[in-house]
Amino acid sequence: MTTATPPMSPPLRPTLRQRAFSERTVRTLKRRRIVSGLMLAVLIGAAVLAVLPLIFIFGHLLTLGVSSLSWDFFTKMPKPVGETGGGLANAIVGTLILIGLASAVGLPVGVGAGLYLAERKGAKLANGVRFLSDVLNGLPSIVMGIFAWQFLVRPVGHFSALAGGVALGAMMIPMVARTTEEMVGIVPVSLREAALALGYSRWRTSLSVVLRTASAGIVTGALVAIARIAGETAPLLFTAFGNQFWSTSLKQPISALPLQVFSYAISPYDAWHSLAWAGALVLIALIFIISLVARFATRARFATGGGD
Amino acid sequence: MATERSNLQDDVSLMTRHAATIEAPPRMRVGSLDAYFGSVHAVKGVDMQIRDRQVTAIIGPSGCGKSTFLRCLNRMHETVPTARVEGEVELDGRDIYARGVNAIAVRKHIGMVFQRPTPFPTMSIRDNVAAGLRVIDGAKWSRAETDQIVERALTRAVLWNEVKDRLSTSAIGLSGGQQQRLCIARALATEPTVLLLDEPTASLDPISTQAVEELVYELRSDMTIVIVTHNMQQAARVSDSTAFFLNGELVEMSDTSAIFTTPRDDRTEAYITGRFG
C-alpha cells in the first residue's frame with residue numbers, strides 16, 4: 001500500500017538567535033510545567049482534606065448506626081432502660097416541628113430584611129442592619145438559647161417547643177437575610193427598569209419581578225439555613241428541652257434529634273449509645289437530603305439575557 | 001466620506017414620500033428641560049415638540065444625553081438615585097411633572113423598550129406580554145380576553161407566528177431579536193399612546209434589526225414613537241423627524257429628510273457626515 005505524502009514546504013532553518021530563544025523557551029516551559037503540576041497537587045490535596053472529615057464521619061456513623069436503624073426506629077417511642085428495641089419517633093417528629101416553627105419565624109423576617117438591604121443599599125439603616133446581622137450570624141448558638149429562655153421560657157415558667165422554634169428561627173434570620181440580599185442584588189437593574197417602565201409601582205416591582213426572579217437562589221439559601229439549624233443542639237437545651245414522651249404541643253417541651261442524641265450519648269447504656277449513633281446518622285442524612293434539594297433548586301437558577 | 005453622504009441621501013430620498021404627513025398636532029411638548037445626575041448636567045434646556053403618529057429619532061454621539069432625555073419623557077430618569085429633572089414635559093397638554101401627577105400612572109401611557117432585551121425570566125412568553133395588564137387600574141380581563149390581547153400584541157410585534165405554539169414556555173428560550181420583539185409586544189399590550197425606544201437594535205444582529213425597524217415603521221400608523229439610535233442610517237430609514245443632540249443640548253431638529261440633506265448647523269453636518277461621533 002502506498003500513501004501519497006502531501007507536498008511539504010521546505011523546512012526553515014532557524015537562525016542562531018531563534019534557536020537560542022527557543023531553547024530558553026523550552027527550558028522555562030519545562031520548569032513552569034513542573035511548578036504548575038506541584039501546585040495543582042497541593043491544591044487537590046487541600047480539596048480532598050476539606051471533605052475528608054465528612055467522609056470519615058459519614059463512614060463511621062454508617063458502620064455504628066446502621067445496625068440500629070429499622071422501621072421501629074422511625075415509628076416507635078423510646079423504651080426504658082433494659083428493654084430492647086424502641087425508636088426515636090418522637091424526636092424525629094419534634095425536629096420536623098421545630099424546623100417548621102423556625103422557618104415560620106426565620107423565613108419571612110429574613111427574606112423581608114434581605115429585600116430591604118438590597119433595595120436600600122447605601123442607606124445608613126441598611127448598613128447598620130447589615131453589620132448587626134453579620135454579628136448575629138456569628139453569635140454562639142448557646143447565647144441564642146439563653147435569649148429565648150429569658151423571654152419565652154422564664155415568663156411562662158416551663159420549656160416549650162415554641163421557645164425552641166423561635167431560638168432556631170432567630171438563628172436563621174441573618175443567614176436568610178444575607179442570601180436574599182445577594183440573590184436580589186444580582187437581579188439585573190434592567191429587569192427592574194423594565195417593570196417600572198410598564199407602570200409597576202416600586203413595591204410591586206420588588207415583589208413580583210425582583211423577588212420572583214431571585215426566588216430560586218433564595219430557596220437555596222433558605223434550605224441551607226434549615227440544614228444548618230436542623231442539627232443545632234445548644235439553643236434547644238434551655239428551650240425545647242427534650243421530652244421522653246410523645247408530644248406535638250407547641251406549649252410543651254418537645255424532643256428533638258440532636259437533644260436525644262446528646263442525652264443518649266452521655267448515658268451509660270450500650271443500647272442507648274447505638275440509638276444515639278443511629279440518631280446522628282438520621283440527622284446527617286436529613287441534612288444531606290436538604291442540601292441535595294438545595295443543590296437541585298440552584299440548578300434551576302434563572303439565566304438572563306440568553307438569546308442566540 | 002463622500003460616499004457615506006450619498007448613501008444617506010439615497011435613504012433620505014425614500015423618506016420624502018412621508019413628508020406630506022408631517023403637519024400633525026404635537027402629542028408631546030417638552031419645555032426647557034434640564035436633567036441631572038448628582039452634579040452632572042446631562043440634558044440642558046431642551047425644547048421639543050413630538051408629533052403625533054410619527055417617528056421621532058434622536059441621534060447624537062455617546063454621552064450626549066439622548067438616552068437621558070428619552071428617560072425624562074416617561075419619568076424613568078428619576079428612578080436612578082441622585083437623578084433630578086427640571087422643566088416640563090406635556091403629554092396631550094398635561095404636564096407629567098406637575099405636582100400631583102403620579103409617575104407610575106404616566107408610565108402606563110408611555111411605553112418603553114430598552115437597549116437590551118429584558119424579558120422577565122421567570123415568566124412564560126404569554127405572561128411576559130400580559131405583564132403590563134396586571135397593573136392597569138380597575139381593569140380585569142378574563143383568560144380569554146387576556147389571550148386575545150396577547151395575540152394582538154404579538155401579532156403587531158410580528159412575533160406571533162414564531163411563538164404561537166409555545167406561549168407557555170419561558171421567554172428566555174427565544175433568540176435576542178425575538179426577545180426584543182417580545183419586549184415591544186409587552187409594551188404594546190397596554191396600548192400606550194407613546195412608545196419610547198432606547199437604541200432598540202443596539203444588541204441585535206442585522207436580520208433582527210431589520211425586523212424591528214420594519215415594525216417601528218408599521219407602528220407609526222397608530223402611535224407616537226420616539227427612538228434613540230446610534231445609527232444614522234436607521235434614523236433616516238425609520239423616522240419622520242430627527243433631533244440631533246450634542247453635549248446635552250438639542251442642536252437641531254427638523255424633518256428627517258431636511259436634517260440629512262440640508263442641516264442648518266455646522267455641528268449637525270459634521271456629525272452626519274461622520275467627522276466625529
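Predicted model: local features only at pLDDT ≥ 70, side-chain atom pairs only at ≥ 80, totals over all residues.
Helices and strands here are DSSP runs, with helices having at least four residues and strands at least two, and each kind is numbered from the N terminus.

## Chain A: helices from end to end

Let's start with chain A. It has eleven helices and zero strands.

What radius of gyration does chain A have, and what would a compact globule of 308 residues have? Chain A comes out at 28 Å, while the compact globule would be near 19 Å. Along its principal axes, the C-alpha trace of chain A spans about 95 × 60 × 40 Å.

Now for the inside of the chain. Of the 308 residues in chain A, 38% count as buried. Take the contacts in chain A between residues at least 6 apart in sequence: 72% of them join residues at least 24 apart.

## Two helix pairs in chain A

On the α7(A) side, the contact is made by A:Leu191, A:Arg192, A:Ala195 and A:Leu196, and on the α8(A) side by A:Thr205, A:Val209, A:Val210 and A:Thr213. Sort the residues of this contact by class and you get five nonpolar, two polar and one charged.

Next, how do the axes of helix α3 (residues 89–119) of chain A and α8(A) cross? They come within 10 Å and cross at roughly 140°. That angle makes α3(A) oblique to α8(A). Here, too, the crossing is right-handed. Among the residues that α3(A) brings to the contact are A:Thr95, A:Ile99, A:Gly106 and A:Glu119, while those from α8(A) include A:Ser206, A:Leu211, A:Ile218 and A:Ile229. By class, the contact of α3(A) with α8(A) has twelve nonpolar residues, four polar and one charged.

## Chain B: helices and strands

Over to chain B, which has eleven helices and ten strands. Does its radius of gyration agree or disagree with that of a compact globule? Chain B has 19 Å, which agrees, because a compact globule with 277 residues would have a radius of gyration near 19 Å. The C-alpha trace of chain B spans about 55 × 45 × 35 Å along its principal axes.

As for burial, 46% of the 277 residues of chain B count as buried. Among the contacts in chain B with a separation of 6 or more, residues 24 or more positions apart account for 70%.

B:Thr82 sits in the loop between α2 (66–72) and β4 (83–91) of chain B. Its phi is near 70°, a positive value in a residue other than glycine. Is B:Thr82 buried or exposed? B:Thr82 counts as exposed, because it has 9 C-beta neighbours inside 10 Å. B:Asp92 is in the loop between β4 and β5 (94–95) of chain B. This residue is not a glycine either, yet it has a positive phi of about 50°. With 14 C-beta neighbours inside 10 Å, B:Asp92 counts as partly exposed.

B:Asp240 is in the loop between α9 (232–238) and β9 (241–246) of chain B. This residue is buried, because 21 other C-beta atoms lie within 10 Å, and the cut-off for buried is 20 or more. B:Asp240 and B:Asp255 are 15 residues apart along the chain, but their C-alpha atoms are separated by 5.9 Å.

## Where the chains touch

How many residues of chain B are in contact with chain A? There are 21 of them, in contact with 20 residues of chain A. On the chain B side, the elements that give two or more residues are α3 (103–109) and α7 (176–189) of chain B. By class, this side of chain B has nine nonpolar, eight polar and four charged residues.

Technical notes. Residues numbered from 1 in each chain as written. Chains lettered and ligands numbered in written order. Rg over C-alpha atoms; globule rule 2.2 N^0.38 Å. Buried ≥ 20, exposed ≤ 12 C-beta atoms within 10 Å, placed from the backbone. Contact = placed C-beta atoms within 7 Å. Nonpolar A, V, L, I, M, F, W, Y, C, P; charged D, E, K, R; others polar. Axes fitted to C-alpha atoms, helices over the stretch in contact; angles between N-to-C directions. Parallel < 35°, antiparallel > 145°, perpendicular 65-115°, else oblique. Left-handed = near helix turned anticlockwise from the far one by under 90°.
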